[in-house]
Amino acid sequence: MNIVDNAKLAAQAVVQGAMAKLVPLAPDSWIPGGVPDPLIARKHGLIGSPVSRRDGPLKVQGQARFAAEVVLEGMVYAALAYATIPRGRIATLDTDAAEAAPGVVAVMTWRNCPRMNPPAVFGSSPTAAGPSDLPILQDDRIHWNGQPIAVVLAETQEQADHARSLIVATYQADPSTTSLAAAKAHGAVPGLFMGTALLNEKGDAEATLVAAPHRVDHLYRTPRHNHNAIEPHGATILWDGDDLVIHDMSQMVTATAATLAGVFDLEPAQVRIMSPYVGGGFGGKGLWDHQILGAAAAKMIGRPVRIALSREGVFRLVGGRTLTEQRVAIGATADGHFTAIVHSGIAAMSAHNNMPEPFILATQSAYAADSFKLSVDTVAMNMLANTFMRAPGEAVGTFALESAIDELATELGIDPIELRLRNEPDKDPVSGLPFSSRHIDEAWRAGAEAFGWSARNPVPGARREGEWFVGLGCATGTYPYHRMPGAAARITLTRDGRAIVEVAAHEMGMGTSTTTAMVAAERLGLPIEQVEVRYGDSIIPGAILAGGSQQTAAIGAAVIAAHHALVGELLKLAGNDSALAGLSVADVGTEDGALCKLDEPSRRESYTSILARAQRDTIVVTEQASQPLEIQHWSMHSHSAIFVEVAVSSVTAETRVRRVLGSFDCGRIMNPKTARSQFRGGIIMGLGMALMEETQFDERNGRIMNPSLAEYHVPVQMDVPEIDVIWTDIADPHTPMGAHGVGEIGITGVAAAVANAIYNATGKRIRDLPVRLDTLL
Amino acid sequence: MTVIINGSSATLPGDPRVSLLDFLREHLHLSGTKKGCDQGACGACTVLVDGERILSCLALAVQFDGRQVTTIEGLSDDAGLHPLQQAFIEHDGFQCGYCTPGQICSAIGMAAEAKRGLPSHVSADLTAEVTLTREEMQERMSGNLCRCGAHNGIIDAIRETVVAGMAA
């Protein structure tokens, strides 16, 4: 933003100040017949205005101290040695030379590691965060190629790294499954996602498909991916008596603390996870072996431990997105009506975790069809536990589904946008629930116009500029609205009119702390400068996972609940001498740091006055968010229409992405500045998925072959054009603030839009990601 | 042996294995310089040595006797943020903020390279004066990875300040 924009904003703020009006309290649940959040109707407040992120000054000066940068007195440095076979036992493990090396304090192996319980695996309970149910450094068994077998602890990192290189291990290998073909030969089993079978059937889709006048039926493949946050995983760990303190980088502080308590036989309150800054997460910054190993090591030697994984270590120890093979078949009439959608296939998984990449989720509510058959099966491989990565399920599922839609459009000779709109459902086609807010048609129309879709020549290979074939493609993206139970907020109001809002949420760059301050300021009727937000600490009540794009909604509902409690306390404190005497929570609203009677705003008293008269310095309230009943009543999703222009070289077959436009329907946008960055970030990760990203797995031995940022390619500046982002900004009346999640939707649909554009440019249909030069030559 | 870091002198480490990056982070606790890969692939550790951008993870600290090193901590002063730091905030040129110090140091080094007339892979004329077009900036900043996807905001911030000559 330049100076002129700043001046405009300042002027706007003055106007807004004059227009400030009473905001009633929000409802605390969203059920049929309820009322929408009153903040939706407030058009000139902070919500919807571009606010720079609050941690910006710290981050641009390098003053934000990340987990592996915390310095503790007497701290030692850890280095890890990794197994080199996929399955078997350690036969010999010679650590003598390492132990004798300069600076080495100890070498921890399964022989001397403190006894620990296996972590509760993610999904096994609401507070479980473990990567798998495997014991960690408790025996001589090897379960994946790359499993840690020793932790060297030394006075400096250089000493630890050198000593680690002196460890010699030999193995007794057991039979293992490291090729997809072998895994399939052992048989697939139905996938269970968070306790629910990944299977939907409506009618006889296979028979309907065979009878359909037109159909497409193809197999699509997506490879393994790694999150590759630029901050590698690490932690700085201290035992304070019997209490465990971890400076961590976490998307789930509360669940991590609870799970570690289980590992070390502690009460949850004895474990504190602090994570004020997270250098990128994308699903990868949960609980992995390194925090547990670091805590065990600190316990063993009685000193604090810094355990910072190398980039290779991140690939060996932190799982990513698994591979999928997906069949998508669509049957249709000549006018494009879908009679059958089949989306089925397999995802690889280890035998010890719980994450069957749920690639059918988007298909469940994307289109109307007469019949459906959707299923995910899993096959077991000896590999590192796979996990959630940005839009788990939807990112890869939309590649298959939206490629197939494009193929069908070609088959039918119908514009692919028109084909999608003709099959727009009026209610959720699988669950039968009404949609809470679905304006995907508007997103398509606005996007098509802004992108210039009408100029596209549907004939592949028709547009050529010099050596370049140019093509346009599009795809739908979608991601569900989530609001998980367990969120809470604590609000502290001080006598000088400031509020401290505490939520056990996380800031990984989404802008959470900024948006939380904006929303809290609006609810409390305070200037944003007087609202402090604290987060990223397991000591804060409640649990708010930074996952499922749910933080904004979860925090929003928790702040609403705490706000109700706060107003109740203020009215009690105000007592009979106040202008507010006799009023209940339902009678009042907030404005300019005061409570006012809704229909008689001159009956008011400021927070500072109430606290001063009551001779109180602070009021503190903690409240749990209401149960997320809204998701039982409506089918709730974010939506997008993604447009891409590519150029494919006729000489080298290199694909260049020249233009991207994302048109989003994601409820009310809270902070356009940070939301735009979320959308763009997701889209760019989608470009990587389309054209370059793949974790290469050696099928001979289960070893990851490209464990570095030099060999796992992510989009760099030269790969990223200017990305246009527009949105409908239509509030969902059934959510806090009218908002939907924006963190994951961006990546969905992008890989299909790129592949569809490549088809339009070249006539070559690529169904395996990433799209490589050799498949286009 | 001493090195000048952000104007202050510091004694170089006795262990010759210590990288400049680890010297900054672990010995001097200047953790604004980030470690993303420790193998020269991500650019997060970029610092300025006598005005030139280098990857401090690929440099041994003992090589820098008598040299002037500027890190992200040395760009702002009591008068406030460096214009490029302010522009990164205004244009939302970051999300998580981890690659940001490297991006900012790299952009300042890039502007100096362009001023000296150093061509890049996309320069059509290797001897011409360098104009920092969008493509030139993209090419010259491609060694600094950003996984959050702030690429557009980074370019906008650089264009507004470095290209306008405010930060060279």
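At what angle do the axes of helix H14 and helix H15 of chain A cross? The views below show this crossing and two contacts in a predicted model.

**View 1. Crossing of helices H14 and H15 in chain A.** The axes of H14(A), residues 512-524, and H15(A), residues 551-574, cross at roughly 30° and come within 10 Å. Angles under 35 degrees count as roughly parallel, and H14(A) and H15(A) are therefore roughly parallel to each other. The crossing of H14(A) past H15(A) is right-handed. On H14(A), the contact is made by A:Thr512, A:Thr515, A:Thr516, A:Val519, A:Ala520, A:Arg523 and A:Leu524. H15(A) contributes A:Gln551, A:Thr552, A:Ile555, A:Gly556, A:Val559 and A:His563. Sorted by class, this contact has five nonpolar, seven polar and one charged residues.

**View 2. Contact between chain A and chain B.** Chain A supplies 49 residues and chain B supplies 47 residues. On the side of chain A that touches chain B, helices H2 (56-60), H4 (157-164) and H18 (672-691) of chain A each provide at least two residues. H18(A) gives the most, with seven residues. This side of chain A has 22 nonpolar, 17 polar and ten charged residues.

**View 3. Contact between domain 1 and domain 2 of chain B.** The domain assignment places domain 1 at 2-74 and domain 2 at 83-161 of chain B. Their centres, taken over C-alpha atoms, are separated by 21 Å. The contact takes 15 residues from domain 1 and 14 residues from domain 2. On the side of domain 1 that touches domain 2, strands S3 (46-49) and S4 (52-55) of chain B each supply at least two residues. The largest share, three residues, comes from S3(B). By class, this side of domain 1 divides into six nonpolar, six polar and three charged residues.

Key
Residues are numbered from 1 along each chain as its sequence is written. Chains are lettered from A and ligands numbered from 1 in the order in which they are written. This is a predicted model: local features need pLDDT of at least 70, side-chain atom pairs count only at pLDDT 80 or more; totals for chains, interfaces and linings use all residues. Two residues are in contact if their C-beta atoms, placed from the backbone, lie within 7 Å. Helices (H or I, at least four residues) and strands (E, at least two) are DSSP runs, numbered from the N terminus. Ala, Val, Leu, Ile, Met, Phe, Trp, Tyr, Cys and Pro count as nonpolar, Asp, Glu, Lys and Arg as charged, and the others, Gly among them, as polar. Axes are lines fitted to C-alpha atoms, for helices over the stretch in contact, and angles run from 0 to 180 degrees between N-to-C directions. Angles under 35 degrees count as roughly parallel, over 145 as roughly antiparallel, 65 to 115 as roughly perpendicular and the rest as oblique. A crossing is left-handed if the near helix is turned anticlockwise from the far one by less than a right angle, and right-handed if clockwise. Domain bounds come from an automatic or database domain assignment.
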